[in-house]
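Me: Could you walk me through this model? I'd like to begin with its surface and then go on to the helices and the salt bridges.

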Amino acid sequence: PRKPEDRIVHLLLTQPAWWDQLTAEDHDLLHALPPPHGELMAWLERDIVEHGPRPWAAIRTALTAEEAVAACLTVLRLDDSDDFEAAPSDLRLLLDGRLLEAVKARQRELATAVATDPQALIEFRQTQERVRLLNQRMNETRLAASEP
């Protein structure tokens, strides 16, 4: 099975017009993805700036022409037989899942400092609220996606 970051990269490479719908926080998350995912996202952003959103065939051709990112593409095992039927809500859920993981990781870091650092307690409470809001948005996205 593919990892969530594989699916995120796949969706954005095949639906590059969605890039502009993402927030700055989403872009930061994408660039921070581990190799080869982050490198592909940086390449895609440059490609979109230079050429605008292009169809998958044009993106695949451009990717394979650049040795450094062509190897990344091989790791993800993307090919023409992949199912490109997806909605922006699929991407939103995947991104929110990654954001939720990052916020929870920060929360775990703060948990040890809360007893001695008042600032850590404030940030911990902010992360609790962020977790609540992300869970709420994910539930709303799932609900909206399931409606006919």
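Me: What does the accessible surface of the protein chain come to, and what share belongs to carbon and sulfur atoms?
Reply: The accessible surface of the protein chain is about 8500 Å², and 55% of that belongs to carbon and sulfur atoms; the areas come from the Shrake-Rupley method with a 1.4 Å probe, and for residues only the protein chains shown count as cover. Please keep in mind that this is a predicted model, in which local features need pLDDT of at least 70 and side-chain atom pairs count only at pLDDT 80 or more, while totals for chains, interfaces and linings use all residues. Residues are numbered from 1 along each chain as its sequence is written, and side-chain values use heavy atoms, with hydrogens and water left out.

Me: OK, and how much of the chain is buried?
Reply: Of its 148 residues, 39% count as buried, where buried means under 20% relative accessible area, exposed means over 50%, and partly exposed lies in between, with a 1.4 Å probe and protein chains only.

Me: Which secondary structure elements are there?
Reply: The protein chain has seven helices and zero strands, so the order from the N terminus on is α-α-α-α-α-α-α; helices (H or I, at least four residues) and strands (E, at least two) are DSSP runs, numbered from the N terminus. The C-alpha trace spans about 55 × 40 × 30 Å along its principal axes.

Me: What share of the contacts comes from residues 24 or more positions apart?
Reply: Among contacts with a separation of 6 or more, such residues account for 66%, a contact being heavy atoms within 4.5 Å.

Me: Switching to H6, how far apart are its end C-alpha atoms?
Reply: They are 38 Å apart, which agrees with the 38 Å that the 26 residues of helix H6 (residues 88-113) should span at 1.5 Å a residue, because the expected span is 1.5 Å times one less than the number of residues.

Me: And what do the buried residues of H6 pack against?
Reply: They pack against helix H1 (4-14), helix H2 (24-31) and helix H7 (118-146); among the buried residues of H6 are Leu91, Leu95, Arg98, Leu99, Val103 and Leu110.

Me: How many salt bridges do you count?
Reply: The count comes to eleven salt bridges, each being a side-chain nitrogen of Lys or Arg within 4 Å of a carboxyl oxygen of Asp or Glu. One of them joins Glu25 and Arg130, whose closest N and O atoms are 2.4 Å apart. That pair links distant parts of the chain, with Glu25 in helix H2 and Arg130 in helix H7, 105 residues apart.

Me: Which residues are linked with Arg98 and Glu101 in a network of salt bridges?
Reply: Lys3 and Glu5 are linked with them in that network.
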